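Trainee: Could you help me take a close look at one part of this model? I'd like to start from a single residue and then see what surrounds it in the bigger picture.

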Amino acid sequence: MDVVVIIIVILALVVMIFKKFSNVVYYIGIVDIFLRVLDFIGNNIPIPIFTNFVNSYFPNSISHIIEMYSSGIFTTVLLWALCINYMVLLFYLIRTFWKKK
């Protein structure tokens, strides 16, 4: 139950800092892409010290964080919220791409 409170506080801080819904969507997308790239680099660079550092201190993705620290229906709800966030991010990216053309 402590995880629920921590997630709500973190989300409230993110919304207060960025103030716009689109900025929150971009922020979550950027963090997830960064974690996935870091995981890929950590697994594909044959330096054991770097690989151990990345694997022990950084999670694979935001969905991995959700699955690690929550369980049950709360995990399902958070994963669907993350999926909806990805869909909104995709919409924003496509809209921006078409405006630039």
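How does Phe50 count by its relative accessibility: buried, partly exposed or exposed?

Mentor: Phe50 counts as partly exposed, because its relative accessibility is 30%, and that class runs between the cut-offs of under 20% for buried and over 50% for exposed. Keep in mind that this is a predicted model. You'll find Phe50 in helix H3, which covers residues 48-57. If you skip the neighbours within four places in sequence, Phe50 is in contact with Ile41, Gly42 and Ile45. Now look across to Phe91: Phe50 and Phe91 are 41 residues apart along the chain, and their C-alpha atoms are separated by 36 Å.

Let's zoom out to give that some context. Along the principal axes, the C-alpha atoms fill a box of roughly 45 × 45 × 25 Å. There are 101 residues in the chain, and 24% of them count as buried. As for contacts between residues at least 6 apart in sequence, 54% join residues at least 24 apart.

How far can you trust what you're looking at? The chain's mean pLDDT is 85, with 90% of its residues at 70 or more. Among the elements, helix H5 (residues 73-100) has the highest mean pLDDT, 91, while helix H1 (residues 2-18) has the lowest, 69. Where pLDDT is low, the predicted coordinates should not be read in detail.

Next, follow helix H2, residues 21-44. Its axis is 9 Å from that of H5, and the two helices pack at an angle of about 105 degrees. So H2 and H5 are roughly perpendicular to each other. On the H2 side, the contact is made by Phe21, Ser22, Val25, Tyr26, Ile28, Gly29, Asp32 and Arg36. On the H5 side, the residues include Leu82, Tyr86, Leu89 and Tyr92. Sorted by class, this contact has 10 nonpolar, four polar and two charged residues.

H2 also packs against helix H4 (residues 62-69), at an angle of about 90 degrees and with the axes 8 Å apart. That angle makes H2 roughly perpendicular to H4. Here the H2 residues are Ile28, Val31, Asp32, Leu35 and Arg36, and H4 brings Ile62, Ser63 and Ile65. The classes come out as five nonpolar, one polar and two charged.

Asp32 is in helix H2, and because its relative accessibility is 3%, it counts as buried. Its side chain makes a polar contact of 2.9 Å with the side chain of Arg36. Not counting residues up to four places away in sequence, Asp32 touches Ser61, Ile62 and Tyr86.

Now slide along to the loop between H4 and H5, where Ser70 is found. Ser70 counts as buried because its relative accessibility is 14%. A polar atom of the Ser70 side chain lies 2.6 Å from the backbone oxygen of Ile66. The Ser70 side chain also has a polar contact of 2.8 Å with the side chain of Thr75. Leaving out neighbours within four places in sequence, Ser70 is in contact with Thr75 and Leu78.

One last stop is Ile10, in helix H1. Ile10 counts as partly exposed, because its relative accessibility is 46%. Ile10 and Thr76 are 66 residues apart in sequence, with 19 Å between their C-alpha atoms.

So, back to where you began: Phe50 counts as partly exposed at 30%, with Ile41, Gly42 and Ile45 as its contacts once neighbours within four places are set aside.

Note on methods
Residues are numbered from 1 along each chain as its sequence is written. This is a predicted model: local features need pLDDT of at least 70, side-chain atom pairs count only at pLDDT 80 or more; totals for chains, interfaces and linings use all residues. Side-chain values use heavy atoms; hydrogens and water are left out. pLDDT is the predictor's confidence in each residue, from 0 to 100. Helices (H or I, at least four residues) and strands (E, at least two) are DSSP runs, numbered from the N terminus. Buried means under 20% relative accessible area, exposed over 50%, partly exposed in between (1.4 Å probe, protein chains only). Axes are lines fitted to C-alpha atoms, for helices over the stretch in contact, and angles run from 0 to 180 degrees between N-to-C directions. Angles under 35 degrees count as roughly parallel, over 145 as roughly antiparallel, 65 to 115 as roughly perpendicular and the rest as oblique. Contact means heavy atoms within 4.5 Å. Ala, Val, Leu, Ile, Met, Phe, Trp, Tyr, Cys and Pro count as nonpolar, Asp, Glu, Lys and Arg as charged, and the others, Gly among them, as polar. A polar contact is a pair of N or O atoms within 3.5 Å; within protein, one must be able to donate a hydrogen and the other to accept it, and residues adjacent in sequence count only if both atoms are side-chain atoms.
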